[in-house]
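Open the model in your viewer and keep the selection tool at hand. The tour goes from one selection to the next.

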Amino acid sequence: MLPIKAQAISSGSIPKPPNKLSFHHNVSLTVSLTVGSPPQNVTMVLDTGSELSWLHCKRTPTTPTTFDPTRSKSYSPVPCTSPICRTRTRDFTLPVSCDSKGLCHAILSYADASSIEGSLAADTFRVDGSDLPGMVFGCMDAGSSTNLDEDSKTTGLIGMNRGSLSFVTQMGFRKFSYCISGRDSTGVLLFGETTFPWLRPLNYTPLVQISTPLPYFDRVAYTVELEGIKVSNKVLPLPKSVFVPDHTGAGQTMVDSGTQFTFLLGPVYTALKNEFVQQTKGVLRVYEDPNFVFQGAMDLCFRVGLTRSSLPPLPTVSLMFRGAEMSVSAERLMYRVPGMVRGSDSVYCFTFGNSDLLGVISRVKDSVWREHDIFVSWVGDCGDPLCPIHGPPRQI
């Protein structure tokens, strides 16, 4: 997990001074801060793909780290009659309801088929020594998870998309950025805008916004325009139209810190898979098991000898966005499946998956992932020219 710290950076050009948090990561990016009065330490997964921040408020064997609202003098539950509950929850994955106590009850569903539910509340969050009173979040007391081991290491999730109740929206910052180091599993999250003397010139890709609401277009996601993909220097022979959302809005490209993997539409994934296999012939040995699909969407895996200290040289995969190109190389293209050994080999899977295979968990309108959406996530070195890209687009 990636822990994050905060530190103020002076700037006279923005309405509020920016705040800086450092973090650690492996599967998730995590930030550490305090909530409540007196403050309670919490660790939250940084998720730019969702809106509502939430904390576990009920201790269970699988959620040992919790926030106790009864200990906080500044804790305030949100009634279902509140304007917050009635209007500002319109982009939640499921409509809110009124519970038996008259409180605003929310159920959030996620792409991995996990869910969490509880009541909305407000309390004071402290970031970089600054108190943020009245921050709305979910005080959750029930849910289901597909990764209990990882979930047990954190207290909750910090939602960072463009929704009205996201953490960054409530803070009032128009921009934020984050940089992930590939060398020491640390990084930095910055609220606000600033410059660093060591930072090379940045490339930007604009957010895609639509004027007419579409049924399958997530308007609060950080959507960007993917124009093509290349392996080494070979551009995949695909028309640009395959990357464009259809008339329903399905097929948008979202940049999402909530997943370390990249999910592509079926035709795009198949073309990438075939080209990657072609360019790694004689270098990697494909794991031939038609019944094995990692994480429900990654069916391209390889056998790598247990005695190898590192992966062989691999071709670079580049995502070609409007105005910017992002390259993924070396070990970031492969994920070792924990505990999986076949003979004298470990099993590594390609970190790009087929979103069409996720249809078993797709929803009509009540899921943050849909069968035809593309999700992009990337971990890069802070020395790379694309790390970080400042918001409001989610940083690539």
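Select cysteine 85 and cysteine 104, which are joined by a disulfide with an S to S distance of 2.1 Å. The model is predicted. A disulfide is a covalent bond between the sulfur atoms of two cysteines. Turn the view to look along the S-S bond: the torsion is 85°, and the link of cysteine 85 and cysteine 104 is right-handed. Cysteine 85 belongs to helix 1 (residues 83-87) and cysteine 104 to strand 7 (residues 104-109), so the bond ties together parts 19 residues apart in sequence. Cysteine 85 has a relative accessible area of 4% and cysteine 104 one of 0%. Buried means under 20%, so cysteine 85 is buried, and so is cysteine 104.

Next, select cysteine 57 and cysteine 139, another disulfide, with 1.9 Å from S to S. Cysteine 57 sits in the loop between strand 4 (54-56) and strand 5 (76-77), while cysteine 139 is in strand 9 (residues 130-144), 82 residues apart. Here the S-S torsion is about -115°, so the disulfide is left-handed. Cysteine 139 is buried, at 8% relative accessibility.

Move on to cysteine 301 and cysteine 349, whose sulfur atoms are 2.0 Å apart in a disulfide. This pair links strand 19 (residues 301-305) to strand 23 (residues 345-350), with the two cysteines 48 residues apart. The link is right-handed, with 90° about the S-S bond, and both cysteine 301 and cysteine 349 are buried.

Finally, select everything. How many disulfides does a search of the whole structure find? There are 4. The protein chain has 4 helices and 25 strands, and 52% of its 396 residues count as buried.

Terms used. Residues are numbered from 1 along each chain as its sequence is written. This is a predicted model: local features need pLDDT of at least 70, side-chain atom pairs count only at pLDDT 80 or more; totals for chains, interfaces and linings use all residues. Side-chain values use heavy atoms; hydrogens and water are left out. Buried means under 20% relative accessible area, exposed over 50%, partly exposed in between (1.4 Å probe, protein chains only). A disulfide is a pair of cysteine sulfur atoms within 2.5 Å.
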